[in-house]
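Have the model open as you read.

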Amino acid sequence: MTLTISAPPHKVKGITVNKIMWGKVLALVPVSLVAIYFFGFPALGILLASVITAVATEAGIQKVFNQEITIADGHAVLIGLMLALVLPYDAPIWIAVIGSFFAIAIVKHAYGGIGSYMFNPVLVSWVFLNLSWTSIMTTKSTPHIIALTDLILENGAGFLVGVSPIALIGGVVLILMRYIEWRVPLSYLITTLLLVFLLKDDLSYVITGAYLFGVLFIATDSATIPITKKGRIIYGIVCGVLTVLYGYYASYVTGTFYALMLANCIAPYIEIKTLPKPFGGDGK
Amino acid sequence: MGNYNNLETINFLKKLPEDVVIPLRQHKGAPCKPLVSVGDTVLAGQQIGEAVGSGSAPVHASVSGIVAAIDELPHPSGNKIPSIVITVDEQQQSIEFNPLDNPDQSEIKQIIKDAGVVEIYGTPTCEVIENIDTIILNVTYESSMIAGCVGINSYSSQVYKGLKFLMKASGAKQAIIAVNRNNKEVFRILSNLKLESNIRVVPLNIAYTLNMENLLVYDILGARNQMGGISQDVKVAVCGVNPAYEVYDSVVNGRPSMLMPVSVYGPVGNPQSILVPIGMRFKDIFEECGGCNGEPGKIIVNGLYTGIAQYTDEVPVVKQTAGILIQSPSEILSVQPVPCIHCARCVDVCPVDILPTRIAILADQGKFDDCRLMHVMNCVECGLCAVECPSKIPLLQLIKYAKVAIERTYVDMAEKESSNLTLGCASCEGGI
C-alpha cells in the first residue's frame with residue numbers, strides 16, 4: 001500500500017487567486033458592456049487595446065526575464081480592463097496602449113509583480129497619463145446624478161466607468177461572496193457620506209460611477225492596503241477624508257483617484273501602527 | 001462521502017483483532033518502563049508500563065494475551081516508539097477490578113493517576129488538575145474528530161459524575177462545560193442533567209482542538225496567559241469528555257484507561273464512531289468498519305486541518321487518537337503556491353490575532369527573531385490560515401518552522417520534545 005504523507009492541512013477552501021481576479025473581471029463586464037452600448041466602437045476599441053496590451057506586456061516581460069508566464073491568473077486582464085474604464089471615451093487608442101503598458105511594465109512588474117507593488121497600477125498609470133496628456137485626459141463633461149435613471153445610464157459620463165453606477169453592483173456581490181474584503185469599502189463609503197453630509201456638499205456629484213469604482217475595485221486592491229483589521233478600517237477612513245478633501249474643492253471623479261493614490265502611500269505606515277496586540281500575557 | 005449516521009453514537013467492536021500494539025508512550029513525558037517481557041501472559045487491565053517522571057502516565061493491557069514482542073514500532077505521532085505487542089487470546093480474561101467505597105480527595109487523585117488517564121493534548125489528567133480552581137470540560141470538536149466528544153451523547157451522566165470526581169480531586173470551586181453553539185443535542189442532554197449551581201454551560205463559536213487550550217480559557221474566562229504557558233498557570237484545567245468518562249470508570253468500577261472511542265471517516269464500508277481497545281491497529285479498525293473502498297491514498301489522524309498523515313496503516317490507536325480519516329487517491333490535495341496577494345484572509349480567521357502571512361514571509365527568509373517579535377509563539381497551530389489562503393501558501397508549516405527554530409535557539413524557551421522538522425542545511429547536520 002502506498003500512502004501519501006504531507007504536512008497539514010489536508011483539505012483547503014476552494015478559493016484561489018485566479019478565482020478572485022477573474023471574479024473581479026466578471027464583475028466589471030456589465031459596466032463595460034453598458035459603456036460599449038453608450039459610446040459605441042471607440043469604447044470597444046479602448047477596452048480591447050488596453051486588455052490586449054496588458055496581457056501581451058505581462059507575457060513579454062515574463063518571457064524575457066525567464067519567469068513563469070502567469071497571464072492565466074487574470075490579473076493582467078483585470079488591470080487592462082480597469083485602466084480602460086478610467087479613460088475618457090474619446091481618448092485615442094494609443095493612450096490606452098501606453099497607459100496599459102505603463103501599468104503592467106512599470107508599476108506592476110518593476111515593483112515585483114502580483115502582490116508586491118506598492119501603488120495600484122491603474123491609479124499610477126492614470127495619474128501618469130493625466131500629467132502627460134492633460135488635454136486628452138480631461139473629460140468634456142462631469143457626471144451628475146440627478147434622477148434615478150442616471151444611476152442606470154449616466155449621460156454626462158466622462159470616463160467609461162461613469163456610464164452606469166448601478167452596473168458596478170458586481171463589486172457588492174463579490175464582497176458578499178467574500179472575494180473582496182468589506183472593511184475598506186464600508187468605512188470608505190461611510191466616511192465619505194458623513195463628511196459630504198457635514199459639509200452640506202451635493203451628493204449628486206459624489207455617487208458617480210468613478211467614485212463607486214474607486215470604493216469597490218481600486219480601494220480593495222489587496223496588495224496596496226494594510227492587512228491588519230484595524231488598519232483596514234483606518235485606511236478606509238483616510239480614503240474617505242482625502243476624497244472629500246479633493247472633491248469638495250475640485251471634482252469627486254478625479255478626486256477619488258488622487259485620494260486613493262495618496263492613501264496607497266500611507267498604507268504601510270497604517271499597517272505598522274496597527275499591529276494587533278499579542279494574545280499572551282504581555283498584551284497590556 | 002457516505003453515510004455518517006453512525007458517528008453520533010458509540011458503536012462496539014464485533015471482533016477483536018489478532019494482536020494489539022500498545023506504545024509505551026501515549027503522553028507528553030518520557031516513555032514508560034515495561035513491566036512485562038516477551039512470552040509473559042497478560043490480562044486485560046493489567047499494568048504493563050510504569051510511568052517515569054512527570055508528564056508520564058502508566059499504560060495497561062487493553063486485551064488479554066501473550067506478549068509477542070517489545071520493539072520500536074510506528075506511532076501515530078510519526079515517530080517510532082517502544083511498544084508492546086500482545087497476541088490476543090480467546091479467553092479474554094481481565095484482572096479483578098477493586099473500586100474503593102467512597103474514596104476521599106487524595107484517593108481519587110491516586111486512582112486517576114494509576115488509571116493512566118491522559119488528556120488528548122498529552123498531559124496526564126492527574127497533573128492537569130493540580131493547583132487549579134476551575135475545570136473546563138471541552139465538548140467542542142472539529143467535525144472530523146467527533147469521537148472526542150461523542151461520549152456525552154451516550155454516557156452523559158457518567159461524564160457528569162466524572163467531572164464531579166475531577167472537581168472533588170482537584171478541589172476546584174467551579175466547572176464550565178464548553179459546547180459549540182450549534183450543538184443543540186448536547187444542550188438538550190445537559191439540560192436534562194440538572195447541573196449543580198457551580199457548574200455552568202458556555203456556548204462557543206469555534207472548535208477548540210489540540211493546542212488551543214489557552215485560547216479556550218481566554219475566550220471563556222478572559223484570563224490572558226503567558227506565551228507558551230499552560231492553562232494551569234491561570235489555575236484552570238481543560239479536560240476532555242473521554243478522560244472525564246474514564247475518571248468515572250476508574251473511580252466507580254476500578255477500570256484503568258483501556259478503551260478509546262475513535263471516529264472513522266472516509267471511503268470505508270461503514271463510517272462510524274467505534275469504541276476500540278487501545279493499541280488496535282488502524283488496518284484492523286478499517287476492517288471492522290467494513291473495509292476500505294479501494295486503496296486508501298492518505299490516512300490522517302486527528303482532523304483535516306491539523307492532523308498527521310500516516311505512512312503506514314499498522315499504527316495503533318493511542319490515548320490521543322480521536323479521529324481517523326481516509327482520503328481516496330483522488331481526494332489528495334495537490335496545490336502549487338503562488339505569491340501572496342495580501343488579501344488578509346489569514347488575518348481575519350486567526351483566533352489569536354497574529355499576522356500569519358507576514359510571519360510566514362519572515363520565516364521563509366530565516367528572520368526568526370522578527371517572527372518572535374511578531375508573536376509567532378502565540379500561534380495555536382489551528383491551521384485555519386492555510387485553509388483560507390487563496391495563494392495556497394503553506395502558512396502553517398512556515399510558522400511551525402519558525403517556532404521550532406526559536407525554541408531551539410533561545411535559552412529562555414521551555415525545553416521541547418524532539419521534532420520531525422530539520423532546520424537549515426540538511427548536509428551539515430541541520431545547521432542550528
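## Two helices of chain A that cross

Helix H9 (residues 183-198) of chain A and helix H11 (residues 229-249) of chain A have axes that come within 7 Å and cross at roughly 35°. Axes here are lines fitted to C-alpha atoms, for helices over the stretch in contact, and angles run from 0 to 180 degrees between N-to-C directions. Helices (H or I, at least four residues) and strands (E, at least two) are DSSP runs, numbered from the N terminus. H9(A) passes H11(A) in a right-handed crossing; a crossing is right-handed if the near helix is turned clockwise from the far one by less than a right angle, and left-handed if anticlockwise. On the H9(A) side, the contact includes Tyr188(A), Thr191(A), Thr192(A) and Leu195(A), and on the H11(A) side it includes Ile233(A), Gly236(A), Ile237(A) and Gly240(A). Two residues are in contact if their C-beta atoms, placed from the backbone, lie within 7 Å. By class, the residues of this contact are 12 nonpolar, 6 polar and 3 charged, where Ala, Val, Leu, Ile, Met, Phe, Trp, Tyr, Cys and Pro count as nonpolar, Asp, Glu, Lys and Arg as charged, and the others, Gly among them, as polar.

A word on the ground rules: this is a predicted model, in which local features need pLDDT of at least 70 and side-chain atom pairs count only at pLDDT 80 or more, while totals for chains, interfaces and linings use all residues. Residues are numbered from 1 along each chain as its sequence is written, and chains are lettered from A and ligands numbered from 1 in the order in which they are written.

## Helix H3 of chain A and its partners

Helix H3 (residues 75-85) of chain A packs with helix H5 (residues 121-132) of chain A at an angle of about 40°, their axes 9 Å apart. The two helices are therefore oblique to each other; angles under 35 degrees count as roughly parallel, over 145 as roughly antiparallel, 65 to 115 as roughly perpendicular and the rest as oblique. The crossing of H3(A) and H5(A) is right-handed. Ile79(A), Met82(A) and Leu83(A) of H3(A) meet Pro121(A), Val122(A) and Ser125(A) of H5(A), giving 5 nonpolar residues, 1 polar and no charged.

H3(A) also crosses helix H2 (residues 41-64) of chain A, at roughly 145°, with axes that come within 8 Å. This crossing of H2(A) and H3(A) is right-handed too. Among the contact residues are Leu47(A), Val51(A), Ala54(A) and Glu58(A) of H2(A), and Ala76(A), Ile79(A), Gly80(A) and Leu83(A) of H3(A). The contact of H2(A) with H3(A) has 11 nonpolar, 3 polar and 1 charged residues.

Which residues touch the most other members of the largest nonpolar core? Of its 225 residues, they are Leu85(A), Leu160(A), Ile135(B) and Ile359(B). A nonpolar core is a set of buried Ala, Val, Leu, Ile, Met, Phe, Trp, Tyr and Cys residues joined through C-beta atoms within 7 Å. A residue is buried if 20 or more other C-beta atoms lie within 10 Å of its own, exposed if 12 or fewer, and partly exposed in between, with C-beta atoms placed from the backbone.

Ile359(B) is one of the buried residues of H10(B), a helix (residues 356-364) with 7 of its 9 residues buried. Not counting residues up to four places away in sequence, Ile359(B) touches Ile354(B), Cys371(B), Met374(B), Val376(B), Ile399(B) and Ala402(B). The buried residues of H10(B) pack against helices H9 (345-349), H11 (368-373), H12 (384-388) and H13 (395-409) of chain B. After H10(B) comes Gly366(B), with a positive phi near 80°.

## Where the chains meet

In the interface, 33 residues of chain A are in contact with 48 residues of chain B. The side of chain A that touches chain B has 16 nonpolar, 12 polar and 5 charged residues.

## Backbone spots to look at

Pro8(A) and Pro9(A) are joined by a cis peptide bond, with omega about 0°. Pro9(A) sits in the segment before helix H1 (17-39) of chain A.

Lys200(A), in the loop between H9 and helix H10 (209-218) of chain A, has a positive phi near 55°. With 7 C-beta neighbours inside 10 Å, Lys200(A) counts as exposed. In the loop between H12 and H13 of chain B, Lys392(B) has a positive phi near 60°, and its 18 C-beta neighbours inside 10 Å make Lys392(B) partly exposed.
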